[in-house]
Amino acid sequence: MLVHELSLASGEQELQDPSGEDLVQLISPEGRRRKNSDFDPWVEDVTDTRLASLYEDMVVIRRIDTEATYLQRQGELALWPPLLGQEAAQVGSGRALRNEDFVFPSYRENGVAYCRGVDLGDLVRVWRGNAHSGWDPFQLNMATPQVIIGAQTLHATGYAMGIQQDGSDAVALAYFGDGATSQGDVNEAMVFAASFRVPVIFFCQNNQWAISEPVGLQAQVSLSSRPLGFGIPSVRVDGNDVLAVLAATRLALHRARTDGGPTFIEAVTYRMGPHTTADDPTRYRDPLDLEMWAAKDPIARLEALLKEKGALTPELESSVAAKADGVAKEMREACITMPPPAALDLFSHVYSEPHSALETQKTNYARYLQTFEGDPVEGMNP
Ligand SMILES: Cc1ncc(C[n+]2csc(CCOP(=O)(O)OP(=O)(O)O)c2C)c(N)n1
Ligand SMILES: [Mg+2]
C-alpha cells in the first residue's frame with residue numbers, strides 16, 4: 001500500500017492503493033449499488049430523481065458528441081475531440097461544482113461545458129474555425145478549451161491562489177488526461193498547489209491513451225500515486241461510475257473549501273472513440289480492449305441501476321430521448337447557420353489591451369483585403 005502516507009482532511013478516508021483493488025466504485029459494471037462506508041456519505045442525498053437527471057445529462061452529452069462527430073464528417077466542423085465513454089467522469093464531476101467554482105478544461109471536456117451551461121452553438125464555434133475561442137470564460141466560470149497539454153493546470157493553480165487571496169470558498173478544477181501527467185506544466189502546478197495549499201482539484205481522466213501512446217508506457221506506477229510525491233493526496237475512482245465520481249469530487253471540493261488544499265482525482269475510464277476525428281484508432285488499438293471497456297459503459301450501468309430500482313420508466317426514457325433529440329437539433333442548427341466571422345475579428349481577443357504593433361498589423365491586413373475589391377472573398381470583408 002504505497003499511497004497511505006497522506007490522509008484526507010476528515011481523517012476518515014484512506015488514500016487509495018494504486019495496485020487496482022482500491023478503485024472507488026459505487027455502481028458495479030452490472031449496475032448494482034456497492035456499499036462504501038467512506039464514500040456513501042458524499043452521495044446520500046442522491047435520490048432516484050437526481051440519478052435520473054444524471055442519466056439524462058449523460059445521454060444528452062453522448063448525443064451532442066455523436067452529432068458533433070457527424071457534423072465533422074459532413075464538413076461542417078474542422079475537427080472534433082470525442083468524449084465517448086467518458087460521460088460519467090464529466091457529468092459526475094461537472095455536476096458536483098457550484099457556479100462560483102472555476103473550471104479549466106482541456107479540449108475534451110465538452111460534457112462538462114454542457115453542465116456549465118455553455119450555449120450549444122458556442123460549444124462548436126471554435127471547432128468550426130469560426131472564432132479563436134467559443135465563449136466568455138467569466139460568464140460561466142469555465143475557461144475555453146486548452147490544446148497545450150497540461151497548461152491549464154498552471155492557470156487553475158494560479159486562479160486558486162487568487163481565490164485564496166480573496167478569502168472566498170470557491171474552488172478551481174483543472175481537467176487533464178493521463179498523458180498530461182508527464183508534462184512539466186502539470187508537475188510544476190502540483191508543486192505550487194501543494195506548497196501554497198491552494199483550493200484546486202487536479203482531475204485526471206485516465207482514458208488509457210495519449211493519442212496512440214498507452215498509459216502503461218509512460219507511467220510505471222499508478223497515476224494516482226504520482227501526486228503523493230508532491231504532498232497531494234489522491235483518490236482513484238471508477239471514471240465510468242457517475243456516482244463514485246460525484247462522491248470523490250464532492251470530497252475533494254469539501255477539502256478545498258475548508259482549507260484542506262489540493263486533491264488529485266484519477267478517474268479511470270476509456271476513450272472509446274478516436275483521439276480526434278483526425279485519428280484512426282484501429283491502427284494501434286486491440287479490438288478486444290474496446291470490447292472489454294464497452295462492457296463497462298457508463299450509461300448502460302446507470303441504466304441497469306435505474307431499472308433495478310424501478311426508476312427507468314417509459315416516461316423517463318421518452319423524455320430523455322426527446323431532450324437529446326432537441327439538443328442535437330439545436331446544436332446542428334446553430335452550427336450550420338453560424339455567420340462567418342469578419343476577417344478583422346482575427347485581431348480581437350488576442351491581447352486584453354490594444355497595442356500599436358497589433359494595430360499596425362490590423363491596418364496592413366485591412367489594406368491587403370481591399371485589394372480584393374470587386375472580387376470579394378466570402379466572409380472576408382473588413
Ligand atoms: C505541449 C503539447 N505537446 C504535445 C501536444 C500534442 N498532443 C495533443 S493531444 C496529446 C495527447 C494527450 O493525451 P492525454 O493527456 O491523455 O489526453 P486525452 O487526449 O487522452 O484526453 C498530445 C501529445 C500538445 N497539444 N501540446
Ligand atoms: Mg488520455
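Trainee: Which polar backbone atom is 2.9 Å from a nitrogen atom of ligand 1?
Mentor: That backbone atom belongs to valine 147. Please keep in mind that this is a predicted model.

Trainee: Which side chains have an N or O atom close to an oxygen atom of ligand 1?
Mentor: In the side chain of tyrosine 107, an N or O atom lies 2.6 Å from an oxygen atom of ligand 1. For asparagine 207, the side-chain N or O atom is 2.9 Å from an oxygen atom of the ligand.

Trainee: How much of the accessible area of ligand 1 does the protein cover?
Mentor: On its own, ligand 1 has 590 Å² of accessible area, and the protein covers 71% of that.

Trainee: And how many residues surround ligand 1?
Mentor: There are 15, and the closest are Tyr107, Arg108, Val147, Gly179 and Trp209. Sorted by class, the shell consists of eight nonpolar, five polar and two charged residues.

Trainee: Let us turn to charge pairs. How many salt bridges does the structure hold?
Mentor: The structure holds 19 salt bridges. In general, side chains of opposite charge can pair when their charged atoms come close. One of the bridges joins glutamate 87 and arginine 62, with an N to O distance of 2.8 Å.

Trainee: Which helices do glutamate 87 and arginine 62 lie in?
Mentor: Glutamate 87 lies in helix α2 and arginine 62 in helix α1, which spans residues 48-73, so the pair ties together parts that are 25 residues apart in sequence.

Trainee: Are glutamate 87 and arginine 62 buried or exposed?
Mentor: Both residues are buried. Helix α2, residues 87-94, is mostly covered, with eight of its eight residues buried. Among them are Glu87, Gln90 and Ser93.

Trainee: What does arginine 63 pair with?
Mentor: Arginine 63 forms a salt bridge with glutamate 67, and their closest N and O atoms are 3.9 Å apart. Because the two residues are four apart in helix α1, about one helical turn separates them.

Trainee: What about arginine 271; which residue forms a salt bridge with it?
Mentor: Its partner is aspartate 279, and the closest N and O atoms are 3.7 Å apart. Arginine 271 counts as buried at 0% relative accessibility, and aspartate 279 is buried at 17%.

Trainee: Where is arginine 257 found, and which side chain does it contact?
Mentor: Arginine 257 is in helix α9, residues 242-257. Its side chain makes a polar contact of 2.9 Å with that of aspartate 101. With 18% relative accessibility, arginine 257 counts as buried, since the limit for that class is under 20%.

Trainee: Now the surface. Which residues make the nonpolar patch of about 280 Å²?
Mentor: Val191, Phe192 and Phe196 make that patch. Phenylalanine 192 is found in helix α7, residues 184-196, and counts as partly exposed at 44% relative accessibility.

Trainee: One last item: where is glycine 310?
Mentor: Glycine 310 is in the loop between α11 (298-308) and α12 (314-336). At 55% relative accessibility, glycine 310 counts as exposed.

Terms used
Residues are numbered from 1 along each chain as its sequence is written. Chains are lettered from A and ligands numbered from 1 in the order in which they are written. This is a predicted model: local features need pLDDT of at least 70, side-chain atom pairs count only at pLDDT 80 or more; totals for chains, interfaces and linings use all residues. Side-chain values use heavy atoms; hydrogens and water are left out. A residue is near a molecule or strand if one of its heavy atoms lies within 4 Å of it. A polar contact is a pair of N or O atoms within 3.5 Å; within protein, one must be able to donate a hydrogen and the other to accept it, and residues adjacent in sequence count only if both atoms are side-chain atoms. Accessible areas come from the Shrake-Rupley method with a 1.4 Å probe; for residues, only the protein chains shown count as cover. Ala, Val, Leu, Ile, Met, Phe, Trp, Tyr, Cys and Pro count as nonpolar, Asp, Glu, Lys and Arg as charged, and the others, Gly among them, as polar. Patches are made of residues with over 30% relative accessible area and no salt bridge: like charges are joined within 9 Å, nonpolar side chains (Val, Leu, Ile, Met, Phe, Trp, Tyr) within 5 Å. A salt bridge is a side-chain nitrogen of Lys or Arg within 4 Å of a carboxyl oxygen of Asp or Glu. Buried means under 20% relative accessible area, exposed over 50%, partly exposed in between (1.4 Å probe, protein chains only).
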